[in-house]
Amino acid sequence: AAALARRTEAAAELSALILSSDLETSDRALRAVALMDPPPAGLGPAILEVGRQVAEQIRTVNSTPVDADPSYELAAAASVRFAGWSEAARTVHGRDGLDLRPVMRELRDLAGVRGESVTMQDVVRISGYYADNLGRPPGE
C-alpha cells in the first residue's frame with residue numbers, strides 16, 4: 001500500500017479503482033487506502049461518491065419490505081460496502097479540508113430506520129461513532 005501511495009498517478013489510479021463497478025475491486029481499493037500513511041491527496045471526490053452510493057443502498061434497504069428480503073441480503077450488502085468505505089473515510093477525513101462527518105451522520109440516520117436489522121445496527125454504531133469523534137478538518 002505504501003509503494004502504491006508514492007506513485008505519481010496514485011490518486012487517479014486509486015480513484016478509478018474506488019469507483020469501479022466491480023464491488024470487490026472497489027472494496028479492496030477502499031481498504032488499501034486505510035493502510036496508507038499518508039494516503040495520496042485527491043481521493044476525496046471518489047470517497048465522497050462511494051459514501052453517496054452507500055447512502056443510496058441503505059435507502060433501497062429502507063424502502064424494501066421485510067417480506068421481499070427476508071434474509072436481509074440487501075442490508076448485508078450495504079453493510080459490507082459501508083465497512084470498506086468507512087475504513088477509507090476515516091483515513092482521508094481532514095485531508096485537503098475533507099469533512100466526512102456529514103456523510104457519517106446521514107448514514108447513521110438512514111441505517112437507523114431498519115433497527116431490526118443487525119447489520120444496519122452495526123452501520124448505526126460505527127457511523128455514529130465516527131460522526132461524533134472524527135475531528136474537525138484543519139481550517140474549520
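This is a predicted model: local features need pLDDT of at least 70, side-chain atom pairs count only at pLDDT 80 or more; totals for chains, interfaces and linings use all residues.
How far apart are the end C-alpha atoms of α5, and what should its 20 residues span at 1.5 Å a residue? The legends below begin with that helix.

View 1. Residues are numbered from 1 along each chain as its sequence is written, and side-chain values use heavy atoms, with hydrogens and water left out. Helices are DSSP runs (H or I, at least four residues), numbered from the N terminus. The end C-alpha atoms of α5 are 29 Å apart, which agrees with the 28 Å that its 20 residues should span at 1.5 Å a residue, the expected span being 1.5 Å times one less than the number of residues. After α5 comes Gly-94, with a positive phi near 90°.

**View 2. The largest nonpolar core.** A nonpolar core is a set of buried Ala, Val, Leu, Ile, Met, Phe, Trp, Tyr and Cys residues joined through side-chain atoms within 4.5 Å, where buried means under 20% relative accessible area (1.4 Å probe, protein chains only). The largest such core has 34 residues, and those with the most contacts inside it are Ile-18, Ile-47, Ile-58 and Trp-85. Two or more residues of this core come from each of α2 (10-18), α3 (23-33), α4 (44-63), α5 (73-92), α6 (101-111) and α7 (118-133).

**View 3. Surroundings of Trp-85.** Not counting residues up to four places away in sequence, Trp-85 touches Leu-30, Ile-47, Val-50, Gly-51, Val-54, Leu-100, Val-103, Met-104 and Leu-107, contact meaning heavy atoms within 4.5 Å. Trp-85 is among the buried residues of α5, as are Phe-82 and Arg-81, and what covers the buried residues of this helix includes α2, α3, α4, α6 and α7.

**View 4. The buried face of α2.** The buried residues of α2 are Ala-10, Ala-11, Leu-14, Ser-15 and Ile-18. Seen down the helix axis, these residues fall within an arc of 120°, so they line one face of α2; the arc is that of the directions from the helix axis to the C-beta atoms.

**View 5. Thr-91 in helix α5.** Thr-91 is found in α5 and is buried, with a relative accessible area of 12%. A polar atom of its side chain lies 2.8 Å from the backbone oxygen of Glu-87. Leaving aside neighbours within four places in sequence, Thr-91 is in contact with Val-33, Ala-34, Met-36 and Pro-39.

How values were computed. Buried means under 20% relative accessible area, exposed over 50%, partly exposed in between (1.4 Å probe, protein chains only). A polar contact is a pair of N or O atoms within 3.5 Å; within protein, one must be able to donate a hydrogen and the other to accept it, and residues adjacent in sequence count only if both atoms are side-chain atoms.
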